[in-house]
Amino acid sequence: MSAILIVDDDKDLVEGLRWYLEAEGYHVSAAYDGKSAIEAFHLHRPDVVVLDIMMPGMDGVQVCEIIRRESEAFILMLSARDGEIDKVRALSKGADDYVTKPFHVAEVVARIKALLRRSRGGNQAPTSYRWNSLHIIYDERQVFVNEAPVELTSVEFDLLVALVKHPKIVFQREQLIKRIWGDDYCSEQRLVDNHIYRLRDKLTKAGLDNCPIITIRG
């Protein structure tokens, strides 16, 4: 079941879209302003975000830009304006499609289905990752820097993959523990710091310039 996040300050519109999409079998969550949209996105990690441009506080284009920096989720913009500038601005910040109000709900649903079909077709899960001189092959659990292999422990590899799959996200120790060790982990949380230190040290010594793994105090 694909997950959809609807963001609009018009609650009647949100509820109408929610009813229609849930009837189609989607899991739907909602937010009514920019700040709560970011919070809902982090909580639900939807496959598609239906996002209004005109909202109080943080507008939809700003929200789109934030989401696009950390996710490949599809973003469908809504706007009461028919101006070309709004459309170009939204698409330049990473939106995938654009619908002008007023619209028929069936049109929005059709656009969402088209985006998800694109996901199942051309956007298959990547088998490897590259950043500068860093190369990770997921299935083979291999890491290379400047094409030379880097020997990582199983935990170090899993930590690296968790970080590169969520760029620019700040993880708390508890979040990394849950992702890597699971809910049964009962040792000292500071051990996470040691693993991160060794991972960063190995990548740096292997020749990775400006290692992007950063510890933020607090």
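Biologist: In what order do the 4 strands of the open sheet lie?

Modeller: The model is a predicted one, and what follows should be read with that in mind. Two strands stand at the edges, E6 (128-131) and E9 (148-149), since each of them pairs on one side only. The pairing in this open sheet is antiparallel, and the order of its strands is E6-E7-E8-E9.

Biologist: Which residue is the bridge partner of Trp131 in E7?

Modeller: E6 and E7 (residues 134-137) run antiparallel and are joined by 4 bridges. Within E7, the bridge partner of Trp131 is Leu134.

Biologist: What angle does the direction of H6 make with that of E7?

Modeller: Helix H6 packs on the sheet, where it touches E6, E7 and strand E8 (142-145). Taking the directions of the helix and of E7, the angle between them is about 110°.

Biologist: Why do the buried residues of H7 lie on the same side of the helix?

Modeller: The buried residues of helix H7 (residues 173-180) are Leu176, Ile177 and Ile180. An α-helix has 3.6 residues a turn, so residues three or four places apart point the same way.

Biologist: Is Glu147, with its positive phi, buried or exposed?

Modeller: Glu147 is found in the loop between E8 and E9, and its phi is positive, about 70°, although it is not a glycine. Exposed means over 50% relative accessible area. Glu147 therefore counts as exposed, its relative accessibility being 55%.

Biologist: Where is Asn210, and what is its relative accessible area?

Modeller: Asn210 also is not a glycine, yet its phi is positive, at about 50°. Its place is in the segment after H8. Asn210 is exposed, and its relative accessible area is 69%.

Biologist: What is the omega of the peptide bond from Lys101 to Pro102?

Modeller: Pro102 belongs to the loop between strand E5 (97-100) and helix H5 (105-121). The bond that leads from Lys101 to Pro102 is cis, with omega near -5°.

Biologist: What is the geometry of the aromatic pair formed by Trp19 and Tyr20?

Modeller: Searching the whole structure gives 1 aromatic pair. In that pair Trp19 is exposed at 61% relative accessibility, whereas Tyr20 is partly exposed, with a relative accessible area of 27%. The centres of the two rings are 6.4 Å apart and the planes are at 80°, and the geometry of the pair is edge-to-face.

Biologist: Over the face of which residue does Lys165 lie?

Modeller: One lysine, Lys11, lies over the face of Tyr32, at 5.0 Å from the ring centre. Lys165 is at 4.6 Å from the centre of a ring, and the residue over whose face it lies is Tyr138.

Biologist: How far apart in space are Ile67 and Phe41, C-alpha to C-alpha?

Modeller: Ile67 lies in helix H3 (residues 60-70) and is buried, with a relative accessible area of 1%. Leaving aside residues up to four places away in sequence, Ile67 touches Ile38, Phe41, Val49 and Ile75. Ile67 and Phe41 are 26 residues apart in sequence, and their C-alpha to C-alpha distance is 7.9 Å.

Methods: Residues are numbered from 1 along each chain as its sequence is written. This is a predicted model: local features need pLDDT of at least 70, side-chain atom pairs count only at pLDDT 80 or more; totals for chains, interfaces and linings use all residues. Side-chain values use heavy atoms; hydrogens and water are left out. Buried means under 20% relative accessible area, exposed over 50%, partly exposed in between (1.4 Å probe, protein chains only). Two strands pair if DSSP finds at least two bridges between them. Contact means heavy atoms within 4.5 Å. Axes are lines fitted to C-alpha atoms, for helices over the stretch in contact, and angles run from 0 to 180 degrees between N-to-C directions. Rings of Phe, Tyr and Trp (its six-membered ring) pair if their centres lie within 6.5 Å; planes under 30 degrees apart count as stacked, over 60 as edge-to-face and the rest as tilted. A charge sits over a ring if NZ of Lys or CZ of Arg is within 6 Å of the ring centre and within 35 degrees of the ring normal.
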